[in-house]
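Good morning, and thank you for coming. Please have the sequence and the model open before you while I speak.

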Amino acid sequence: MKTVPGQCDRIVVVGAGLSGLAAALYLTGAGRRVTLLERADHPGGRVGVYRGPDYEIDSGATVLTLPGLIDEALAAVGTDAAAHGLRIHRLDPAYQARFADDSVIGVYADPERMAAEVRRVCGAAQAQRYLDLRSWLARIYAGAYDQFMDTNFDSPLDMVRIPEKRAALWELVRLGAFGRLGPRVQRILGDPKLTRLFTFQALYAGTAPAQALAVYGAIPHMDTSLGVYFPVGGMRAITATLAAAFTGAGGQLELNCEVSGIDYHAGRARRVRTADGRGIDCDAVVLTADLGSLSRFGLRRRRPLRAAPSAVVAHGTIPAEVAARWPLQAHHTIDFGRAWDETFAEIAARRGRGRLMSDPSLLITRPALSDPGQFVERATGRYEPLSVLAPCPNLDAAPLDWPRLGSAYLGELLAVLEQRGYRGIAEHFTVDHLDTPQTWYEQGMIAGTPFSAAHLFRQTGPFRTRNLARTPANVVLAGCGTTPGVGVPTALLSGKLAAERITGAFRHADGATAPTGAPGSPANR
């Protein structure tokens, strides 16, 4: 594995999202002097917080998988979750899926309970097919994790010239991992509703299930077999804990610190400039900026990238008594429309051909149902935080006038939910923050999507934007646009992999390989 050449004692990490925090912890644990700069007034990046008048709500990811990766990052500086009061619980069910015929399937990590749920809704034959699928997804994950996710690539040729990677590649080929996820799952399951339930996660990777590589079966395996988790205090409690561990270990964290540029000399970054006119000397930089913002730092993309679909997300509060009458009472509800293939054809279309969903499938998040401390008591009664997410095309696929369109489109989505039985949501949902492709774009995100570059074959694994380029020799990229990709666990891995480019390879804190998210780990008690 190639590493940054020369002395690397003073490291500046730009961006205190999950990848930046993880990189800072691993580098600090390896004895480097690390300065972590964040333009917001709190750490988190895409896993940040929006503040309402009397409440807070997660601004990005609303649950996590593989919480053992948090344990690893904390262990790098000799601490653990318990020392910082971080408590993470498994959601059971992970979420509930509601279909257009009003049937509901809960998703459980326990195989027997999930098989019973499938049997209840779809019959005994489908329960056995589910177990067959679960076994296949587990083998895909086992083959992909160490050698394709938790690893640095210097070249696509690494897949054949490094024995461990070559063995993993042949195993994945044998499993059909480089076919298409949607058709493979459909062949195993047969039932269209179950197929939808175990392939919609391809959207996390920025592709339609019918087009996604089957190797991305690792995502539904993490999502449906290894468990979905939520921390007390929201996802923002994780980033706050990581930041506290970093400063507690001697790292320097500066909030409200905008980076204006990087000074280069002789092919190396020498100083990071801040908007207030300061310069911070450095031996290396870990840059977590979005791929859409690299030019600000004197870097350029070597090839055009296809961005993932985007999303419209409304955050606010609703009276608890209104939400208590809704069809489902779950932390996460995926409310599917009748259309499915059409939906992906609309939101994942090529440049200029994207359209808004004609039959929306929506994600409804109610964190107070898992964490009652998030209920808000007001003079007019009890309220709960609420987020509604609608996938949509990015600005390349559909350059819509979102400042004009956003509120009206949200109104249409709420009307759809009203018709589906979420009575009172259109009238009583007070929206305090609305994100659209335009707001993502204004934050520097490529094509106005928080999901970065789509995981097409040419943009995945060893073909994804690498975290260590030839020049400048001492700038390492981290975050969802680079290795290994989009998501909470992958962002944590990305920070570790970026740190390895400076320090050399780390071992897993517990000597294990792929984390399982087992409830016995410190972060899960």
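I begin with a definition: a patch is made of residues with over 30% relative accessible area and no salt bridge, where like charges are joined within 9 Å and nonpolar side chains (Val, Leu, Ile, Met, Phe, Trp, Tyr) within 5 Å. The accessible areas come from the Shrake-Rupley method with a 1.4 Å probe, and for residues only the protein chains shown count as cover. A salt bridge, in turn, is a side-chain nitrogen of Lys or Arg within 4 Å of a carboxyl oxygen of Asp or Glu.

Two remarks on the source. This is a predicted model, in which local features need pLDDT of at least 70 and side-chain atom pairs count only at pLDDT 80 or more, while totals for chains, interfaces and linings use all residues. Residues are numbered from 1 along each chain as its sequence is written, and side-chain values use heavy atoms, with hydrogens and water left out.

Let us start at the surface. Leu-157, Val-160, Trp-170, Val-173, Phe-178 and Phe-457 make a nonpolar surface patch of about 580 Å². One of these residues, Val-173, belongs to helix α6 (residues 163–175). Helices (H or I, at least four residues) and strands (E, at least two) are DSSP runs, numbered from the N terminus. With a relative accessible area of 44%, Val-173 is partly exposed. The cut-offs are these: buried means under 20% relative accessible area, exposed over 50%, and partly exposed in between (1.4 Å probe, protein chains only).

The next topic is aromatic rings. Rings of Phe, Tyr and Trp (its six-membered ring) pair if their centres lie within 6.5 Å; planes under 30 degrees apart count as stacked, over 60 as edge-to-face and the rest as tilted. By this rule there are eleven aromatic pairs. In one of them, Tyr-130 and Phe-198 are tilted, at 5.7 Å centre to centre and 35 degrees between the planes. This pair links distant parts of the chain, for Tyr-130 is in helix α4 (residues 124–149) and Phe-198 is in the loop between α8 (192–197) and α9 (218–224), 68 residues apart. Tyr-130 is buried at 1% relative accessibility, and Phe-198 is buried with a relative accessible area of 1%.

A second pair, Trp-402 and Tyr-409, is edge-to-face, with 6.0 Å centre to centre and 65 degrees between the planes. Both Trp-402 and Tyr-409 are buried. Elsewhere, Tyr-95, Phe-99, Phe-200, Phe-336, Trp-340 and Phe-344 form one aromatic cluster.

What surrounds Phe-198? Contact means heavy atoms within 4.5 Å. Beyond its neighbours within four places in sequence, Phe-198 is in contact with Met-114, Tyr-130, Leu-133, Leu-137, Val-185, Leu-189, Pro-220 and Thr-224. Trp-402, for its part, is one of the residues touched by Thr-436, together with Ala-311 and Gly-406, not counting residues up to four places away in sequence. Thr-436 sits in the loop between β19 (430–435) and α15 (437–442) and, at 5% relative accessibility, counts as buried.

Finally, the charged pairs. The model holds 29 salt bridges. Arg-98 and Asp-335 meet in one of them (3.0 Å, N to O). That pair links distant parts of the chain, with Arg-98 in strand β6 (residues 95–98) and Asp-335 in strand β15 (residues 332–335), 237 residues apart. Both Arg-98 and Asp-335 are buried.

The side chains of Asp-281 and Arg-271 also form a salt bridge (2.9 Å, N to O). Asp-281 lies in strand β12 (residues 279–281) and Arg-271 in strand β11 (residues 268–274), so this pair ties together parts that are ten residues apart in sequence. Asp-281 is partly exposed, with a relative accessible area of 39%, and Arg-271 is partly exposed at 36%.

A further salt bridge joins Asp-359 and Arg-420 (3.3 Å, N to O), and both of these residues are buried. Lastly, salt bridges that share partners join Asp-41, Arg-51, Glu-56, Asp-58 and Arg-236 into one network.
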